[in-house]
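Hello,

Here is the structure I promised to pass on. Please have a look, and then read my notes below.

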Amino acid sequence: MSVPDYMQCAEDHQTLLVVVQPVGIVPEENFFRIYKRISTVSQINVRDSQRVLYIRYRHHYPPENNEWGDFQTHRKVVGLIIITDCSSAKDWPQTFEKFHLQKEIYGSTLYDSRLFVFGLQEEVAEQPRTDVAFYPSYDECETVEKRIEDFIESLFIVLESKRLDRATDKSGDKIPLLCVPFEKKDFVGLDTDSRHYKKRCQGRMRKHVGDLCLQAGMLQDSLVHYHMAVELLRSVNDFLWLGAALEGLCSASVIYHYPGGTGGKAGARRAQGSSLPTEASNRHRPGALTSNGINADTSAEIGRAKNCLGPEDIIDKYKEAISYYSKYKNAGVIELEACVKAVRVLAIQKRSMEASEFLQNAVYINLRQLSEEEKIQRYSILSELYERIGFHRKSAFFKRVAAMQCVAPSISEPGWRACYKLLLETLPGYSLSLDPKDFSKGTHKGWAAVQMRLLHELVYASRRMGNPALSVRHLSFLLQTMLDFLSDQEKKDVTQSLENYTSKCPGTMQFITLPEGLRLPPVPFTKLPIVRSVKLLNLPVSLRPQKMKSLLGQNMSAKSPFIYSPIIAHNRGEERSKKIDFQWVQGDVCEVQLMVYNPMPFELRVENMGLLTAGVEFESLPAALSLPAESGLYPVTLVGVPQTTGQITINGYHTSVFGVFSDCLLDNLPGLKTNGCAVEVIPALPRLQISTSLPRSAHTLQPSSGDDISTSVSVQLYNGETQQLVIKLENIGTEPLEKLEVTAKTVNSKEKLYGEFLSWKLEDTLSQFPLKPGKIATFNVNIKVKLDFSCQENLLQDLSDDGISISGLPLSSPFRQIVKPRVDSKPINATESGKVGDFSHVKTLEAILNFKYSGGPGHADGYYRNLSLGLHVEVEPSVFFTHVSTLPATSTRQCHLLLDVFNSTEHELTVSAKNNEDLVLHAGECQRMAIQVDKFNFESFPDSPGERIQFANPKQLEEERQQAKGLEINSKLDVCWKIISFNIWEASVEGVLNQLVLEHLQLAPLQWVYLLLCSRDLHYINFYWKGDSLASIEEHFLIIMPYLVATVFI
Amino acid sequence: MAVCVAVIAKENYPLYIRSIPTENELKFHYTVHTSLDVVDEKISAMGKALVDQRELYLGLLYPTEDYKVYGYVTNSKVKFVMVVDSSNTALRDNEIRSMFRKLHNSYTDVMCNPFYNPGDCIHSRAFDNMVTSMMMQVC
C-alpha cells in the first residue's frame, strides 16, 4: 500500500470498486467514451429493496493497494471490466486469452468480471458466454448500461452471500485472522488458541463484516458491527484494526449525516433511498443533515440513536483512528487518506481550524520516497483542501509548491505548461489580478515581495512554455505594478530581460487569451515615464486664428437674452473647465506639452511617442525621447496635424518603451494635471511668411509692446532720412490668401516724432490678390524718421536772455513774468536736456506692422490670422540746430531766422533751405545759417475743434497749437541736409522752435504806429492773445491782460 | 527570540515586516502571509463573542517544523504576527503575550504620530528599535 488516493472521501467506504481497463489496442478516445458511459451506472437499487449499491470505477488501480482489501473492503477490486478491440474473428482467441491474464492480476479478490469486445459480431463466438459482450463498433453499443447493471447485480449476489456467510459465523468456528500485508510475518508461530488471538480474530472479522454491510447498503447493521469490533479490538490493543474500525464507524456516520457527500462533486454521490423525493434537493446541499424519516427502515431508526456518531464524535473518532494509524509506519497511506477524509467532513461542518490541524498533520505524514508526479498530486490536493476550508493563502502556497514541483530539476521533461496553469490558479490567493487597472487606484497595497516572486515565476514559466508574448505581458505587468518595490538593480534586470524578450516578440496592446479561457488585459506603461501634466498648447501667435468681430457681438448674446445670469455663468464655467478657449487649425501642426519624469535609475528611451485622439482625424507625428536617469520633470512636446475640423479630444498617448507598445489613457493616470483635453479645430487658413529687404534684428521689442512679434527687422538711419522697406509676402500655406489688412503701431513713443513715420500704399499689393499657395507678393513701406533736430534746452534758453531779442525795458516786465514760467514748464525740453548733451546719442524707434490676413475655408468661417513684423529703427543724429534766433528783416512781414547748425556725423554734409544757398559743414562743425522767411499768419489756422477745447486743459491746447505752427513753419522753410554722395534728406526745425521764436516769426495781428515822445523810431507792438474776438484795443488790453504776450521791438 | 515580526493592516496587506537578516526573507513573507488564513479564521470565530470581552491575543496560529507562528489582533483589526524559533522551548505563552503588548504599545505610538498616515508602511525608528530589541532579547 503505497499509492495514496487523495480523492478519497468517507462515502467511498460504501462503494464497490470496479476496475475498467482496456486490453490490446484500444484508442484512448474510444475507451474513455465507453468508460464514461459505464461510470454513469454508479448506483443501483437492488431487487426493489431500499438498499442501494454504490460503485466506484477506476481505470487504473495498483494491485498492491488491492492487497489491503481485507483491511478495508472498499479497497478491494471486486469487479473487472475489460474493453478490447477485435477486428477479426482470428484474433478472438488471443483476445480472450488476454482477458484471462488481466483477470489474474486482481484474481484473488474479484467477484465477477466482464469482457466487452468491440468490432466483432456475436456470431463469431463458439458459444454465448454471460461474461462476454460483443459490439460491432463503439457507436453501436446501446446495451452497455444494461449489461453493467446486470453485472452489478451479480456482484451484489456475491457480496450478499459473503456478508451472510461471515455474519453468521459462529464463535465456535475457527475464524480466520484477517491481516494486512505487512502483518503477515508478525503472526508466524503465534499461539492461535489463545483467547487474545481469538478475540483479535473476532474483532477483525466484525470489522470486516461491518465493511461488507456498509457496501451492501445496510448502514445500521454496519454501525452495530463496527461498534462491536471497536470494543473487541480495544480490549486486545490491536491498534491498526481498531483504527480501521473507528474509521468505519466514522464513515458510516458520515454517510448517514451527510447524504450529499463530502467529496464536493455535485451529483457524484446520491443520498440513501434515491426513490425518496427529498433526495434531489439534498444532493446539491452538501452538509445538509438528513431529516428524520428518510430511512424507511424503522428497525434501523431505533438503532440509530445509540449507534450513529454525532458530528462532534465523528471528528473525535477520526482523531483517534489517525493516532492509531500513526503508530504504524506502513499504514502511512491509510493515515493520510483518513486525514483527507476527515478534512472533507470538517469542511462541510465549517470547522476550518480543526480541519487545518488535520491537514497540518497530513503534511507531515512521511510516505516513502514519492515520485515527482505524486508530489505534485499531493501538493495539489493539499491546496484544494485548504481552498475548501477557506484558507486561500495556504491553498495558493501549496499550489505554487505544486507548480514548482512540475518543473523540478529532477524531472526530465519539465511540465512548464502545467506549472504555468497552476501558477495562474494561485493568483487569487495572493490577491493579485493581472489587470493593471486594479493597481492604478492609489498606491499598491499587498504582499509585494511574494507577488513579485510569483510574477517572476509566471514570466519564467511562460517563457519556457515557448510563449514569449505571454512572458512579455507578465514582465510588463511586473514592471508596471511593482515599480515602487523593485530595487535599482532589479529594475535594471527586469528591463534588461524585458528588452531581450521584446526583441523577439514586441509587447502589444491586444488582449492575450489563454487556452484556459483567461484573458490577459494589456499593460500600458503609464509609469514609464510618469506623466505629471498634459497641456494643450495654443498655436504660435502668428498662426493663431482670430475670430472676426461680428456686429452682433459675442455669441453670449445668442445664447441668452440676459446680460448676466448666474446659472448660465455657472454652466459656462463648467464647460470651460473641460474645453479650452483657443482653437487649433486644420492642417497646421498642433502641440501638446507633457511634463514627464523617469523613475528609473538609468536612461529611459521612449520611442514612438504620440497622441491618441478622438473626434477629428488626426495625424500624429511620433517623437522619440531619451530621459536621463531619475530625471526631474521634463517637458515633452507631442505634435500632430488635425486633418478635419470639429471637436478634438486628446485621450492619451502611446509609447514604445523597451519594445512594449502602450496606449496610456489620461483617464487612467493618477495625479494628472491637465488644462482640459478637448479643443476645437477650425477650418484651414492660409499661412503668410514675410521676408524683408532689411536684415533681421537681434533686438527684441520692449515687453511693453504687448504683441508677440514673429520677426523683427532693424535698420539704421540718420535723422531725417527716408528709406523704403520692401516686404515680400509669401503664402506658404495650402489655402489661397484672399484678404489682407495692414496696420502700424509705433511702440516707442518716448521720442518726439515729426511727420509720418511709416507710410504705404496697400492697393498695389492687393492687386496681386488672391495669392495662391506658394506665390509671393510685395509690399512697400516708407520709413521716414524725423526726430527732434534741436539740441539742448539750455542752449535754446539762451535766446531769451539774448540782448538782441529782448530788451530790458521795464515796460515789458509784466509780460516777462508770464513768459518765464511757460518756458520752464516745457516738459520735452526739460527731460531731454540731460540726454541730448551728447551729440552722438543714438535714438531708437520701434514700430509694429500688423498684417491681418485670411482666406480659404477659414475665412468663410470668419477667422483671420495676424502676423506682426517688428521694426526697429536706430536713428543716428545728423544735424543739430543748436541755436535758433530771429532777426527782424527789412520788411515787417519778414524776418531772418538764424539757425546754428551742427554736423554730428562723420561726413561732410550740406544743409540747404528754401531760397538759400547750400551750407557746407564738415564733420563736427557748427555754423550759423540765416534764412529769410515771411512771417506767418497763424490766425489763418483753423482752430482746434470746439469739443477739444472743452476737454483739454489750456496747456495742452497750447502745445497742440504750437505743434501745428511748427509744422507750418517747417513746410515753408524746407530745410534739407545732404551727405555728399548720398541722397537729400529733410531736416526739420519743428522741435527747435520754441515759443519765443514762434512769436518772432508770427505776423502781428495788429500793426500800428505808435509814436513815443522819447523816441522818433517806430515801434511795433506785437499782440498775441488767446481770445477769439478782438473788440477794441483798449478793451483788449484791459480784459485779457493775463494772457497777453507782448514784445516790443525798439 | 522572535525571528520575524509583521504588522498587517486591516485589509491584510503588510504595514511592516522584518525578519532576522540571516534567513531567507521571502520565506518569512510566505509564512506570515499564509498565517493570515488562520488569523482570519480565528477572528471570524471570535466575532460572535462580545467585543469588550474579546481577547486580543490569538495564541499559536500554527506550528511549522522550525517555527511557531503567533498572532495578535487589535480592536481595529490590525494584526501582529510573530514567528518564533520552535527550538526555543523556554518561551512561555505569557512572554509572547507581553511581547505582543509591547508591540501594540509601540504601534499605538506610531499611530499617534501626526505625520503618519494610517495605512502607510511604517517607517519609524522607534518602532524599528523596539522590534530589534524583541528579536535580540534572548537569542
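How many of the residues of α11(A) are buried? The helix is mostly covered, with 18 of its 18 residues buried (under 20% relative accessible area with a 1.4 Å probe, protein chains only; exposed is over 50%, partly exposed in between).

Before the rest, some housekeeping. This is a predicted model, where local features need pLDDT of at least 70 and side-chain atom pairs count only at pLDDT 80 or more, while totals for chains, interfaces and linings use all residues. Residues are numbered from 1 along each chain as its sequence is written, chains are lettered from A and ligands numbered from 1 in the order in which they are written, and side-chain values use heavy atoms, leaving out hydrogens and water.

Back to α11(A): residues 332-349 of chain A span 25 Å from first C-alpha to last, close to the 26 Å expected at 1.5 Å a residue (1.5 Å times one less than the number of residues). A:Lys350 follows, with a positive phi near 60°.

Now the aromatics. A search of the whole structure gives 29 aromatic pairs over all chains (ring centres within 6.5 Å; planes under 30 degrees apart are stacked, over 60 edge-to-face, the rest tilted). The rings of A:Phe31 and A:Phe32 are edge-to-face, because their planes lie at 75°, with centres 5.1 Å apart. A:Phe31 is buried at 5% relative accessible area, whereas A:Phe32 is partly exposed at 33%. A:Trp68 and A:Phe71 are both buried. Ring pairs also link A:Tyr379, A:Tyr386, A:Phe391, A:Phe397, A:Phe398, A:Tyr430 and B:Tyr30 into a cluster.

Best wishes

Definitions and conventions
Helices (H or I, at least four residues) and strands (E, at least two) are DSSP runs, numbered from the N terminus. Rings of Phe, Tyr and Trp (its six-membered ring) pair if their centres lie within 6.5 Å; planes under 30 degrees apart count as stacked, over 60 as edge-to-face and the rest as tilted.
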